[in-house]
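I opened this model to look up its charged pairs, its sheet and its helix packing. My notes follow in the order I took them.

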Amino acid sequence: MSAPERIPPRGLTATADVLELLTEGELTVRGRVAEASNAVLLCSAAYEGAEARCVYKPVAGERPLWDFPDGTLAQREAAAYAVSEATGWGLVPPTVLREGPYGPGMVQLWIDADPGAPPLLTLVDGEEAGDGWRPVGLADVGGGRTALLVHADDPRLRRLAVLDAVINNGDRKGGHLLPAPDGRLQAIDHGVTFHVDDKLRTLFWGWAGEPLPDEALEALARLDAELAPGAPLATRMAELVTRAELDALRARVTALRATGRHPEPSGTWPPIPWPPV
C-alpha cells in the first residue's frame with residue numbers, strides 16, 4: 001500500500017500552490033454539512049485560474065465546549081496541520097486560517113474519499129481480531145449481542161495513532177478518515193486537540209503499549225527539534241495555542257521518545273469517542 005501524500009486539486013501541482021489558493025482565493029459557499037456539530041460550510045476557492053473545493057469553519061459557528069471554552073477550534077485545526085507536516089507524513093489536508101464570508105475561520109482542502117477503499121474499521125464475531133486486524137474492544141450491537149470492534153493493522157493508521165498521541169486528540173472517530181483513490185490516507189476534524197490534560201480518545205488502540213516503529217521515533221525526533229524555542233514550528237505553534245499547551249505538546253513528544261511505546265488508556269478519561277463513527 002502506498003505511503004500517504006496530499007492530493008492537489010485540479011490545476012494545482014504543489015502544496016505551496018494549494019496553501020496560496022486556500023489563503024488568497026475567493027471563497028464561495030456552496031452548501032453546509034448538516035450533521036456537523038459546528039458550522040461547516042462547503043465552499044469553492046478560486047484564485048488566478050485555479051479552483052478547488054474546500055471546507056470553511058467560521059469561528060462564529062463554533063459551539064463552546066466545557067473543556068475548550070475559548071473559541072479556538074479553528075486555530076487547533078491549523079495547529080494539527082502544522083504538526084502533521086512536521087512529521088513528514090502529510091496526514092492532515094492543507095489547512096489555513098483566514099477571513100471568510102462569515103468572518104475568520106479555518107479553511108481546509110476538501111478530500112474525496114474512495115468509496116471502494118478497503119474498510120479500516122469493522123465488527124467481527126468472536127474474541128479474535130483475525131489476520132490483518134487489531135482489537136479495540138467489545139461493542140453492543142443490539143439484541144443482547146456484542147461484537148469485537150477491530151481496526152486494520154495498517155501502517156497509515158499507525159502513523160495517525162502516533163500523531164493523535166502527539167496532538168492529544170480528544171475525538172478520533174472512524175468518520176474522520178478519508179482514504180483516497182491512490183491509497184493515501186487523510187484525517188480531518190482536529191478542533192478538540194492540544195489540551196494540557198490527557199484527553200486522548202480514539203478508536204485506534206490496537207497498538208497500545210507496543211514499541212513504536214523506527215519511522216515514528218524518527219518523526220518524533222524531528223518534532224522535538226522543530227519544537228525547540230525559536231524553531232519555526234515552535235514559533236508557529238505559539239501563534240495558535242497557549243504557552244501551557246505548547247509546553248504540554250513538547251512534554252508529550254519527550255515522553256513518547258522516552259518510553260518508545262504507543263500510549264495506553266489513562267484510566268481517568270473515556271478512551272473511546274462517542275459516537276465512535
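**Entry 1: a charged pair between helices**

I started at Arg257, which counts as partly exposed at 39% relative accessibility. My cut-offs are these: buried is under 20% relative accessible area, exposed is over 50%, and partly exposed is in between (1.4 Å probe, protein chains only). The model is predicted, so I keep its rules in mind: local features need pLDDT of at least 70, side-chain atom pairs count only at pLDDT 80 or more, and totals for chains, interfaces and linings use all residues. Residues are numbered from 1 along each chain as its sequence is written, and side-chain values use heavy atoms, with hydrogens and water left out.

What does Arg257 form a salt bridge with? I found Asp224, with the closest N and O atoms 2.6 Å apart. A salt bridge here is a side-chain nitrogen of Lys or Arg within 4 Å of a carboxyl oxygen of Asp or Glu. Asp224 lies in helix 4 and Arg257 in helix 6 (residues 243-259), so the pair ties together parts that are 33 residues apart in sequence. Helices (H or I, at least four residues) and strands (E, at least two) are DSSP runs, numbered from the N terminus. Asp224 is partly exposed too, with a relative accessible area of 27%.

**Entry 2: other salt bridges**

I looked up the total and got 17 salt bridges. Four residues are linked in a network of them: Arg134, Asp153, Arg158 and Glu210.

I then checked Arg145. Its side chain meets that of Asp125 in a salt bridge of 3.3 Å, N to O. Arg145 lies in strand 8 (residues 145-152) and Asp125 in the loop between strand 6 (121-124) and strand 7 (133-142), so this pair ties together parts 20 residues apart in sequence. Asp125 is exposed at 58% relative accessible area, while Arg145 is partly exposed at 44%.

**Entry 3: Asp189 and its partners**

Asp189 forms a salt bridge with Lys57, and the closest N and O atoms are 2.7 Å apart. The pair links distant parts of the chain, 132 residues apart: Asp189 is in the loop between strand 10 (185-187) and helix 4 (214-226), and Lys57 is in strand 3 (residues 50-58). Is Lys57 buried or exposed? I read 15% relative accessible area, so Lys57 is buried. Asp189 is partly exposed at 30%.

Asp189 also meets His176. A polar contact of 3.3 Å joins their side chains. A polar contact is a pair of N or O atoms within 3.5 Å; within protein, one must be able to donate a hydrogen and the other to accept it, and residues adjacent in sequence count only if both atoms are side-chain atoms. I placed His176 in the loop between helix 3 (155-167) and strand 9 (177-179). His176 is buried, at 7% relative accessibility. Beyond its neighbours within four places in sequence, His176 is in contact (heavy atoms within 4.5 Å) with residues including Asp171, Gln186 and Ile188.

I traced an open sheet of 5 strands in the order 1-2-3-5-4, with antiparallel pairing. Strands pair if DSSP finds at least two bridges between them. Strand 1 (26-32) and strand 4 (95-100) stand at the edges with a single partner strand each, so one side of each has no neighbour in the sheet. The twist averages 40° from one strand to the next.

Strand 5 (residues 103-109) pairs with strand 4 over 6 bridges and with strand 3 over 5 bridges. Strands 4 and 5 form a hairpin with 2 residues between them. Gly105 in strand 5 is the bridge partner of Arg98, and Pro58 stands opposite Gly105 as well.

Helix 1 (residues 15-24) lies across strands 1 to 5, running at about 20° to strand 4. Helix 2 (residues 73-87) packs on the sheet, touches strands 3, 4 and 5, and makes about 150° with the direction of strand 4. Axes are lines fitted to C-alpha atoms, for helices over the stretch in contact, and angles run from 0 to 180 degrees between N-to-C directions.

**Entry 4: helix 5**

Which residues of helix 5 (residues 232-240) are buried? I listed Leu233, Ala234, Met237 and Leu240.
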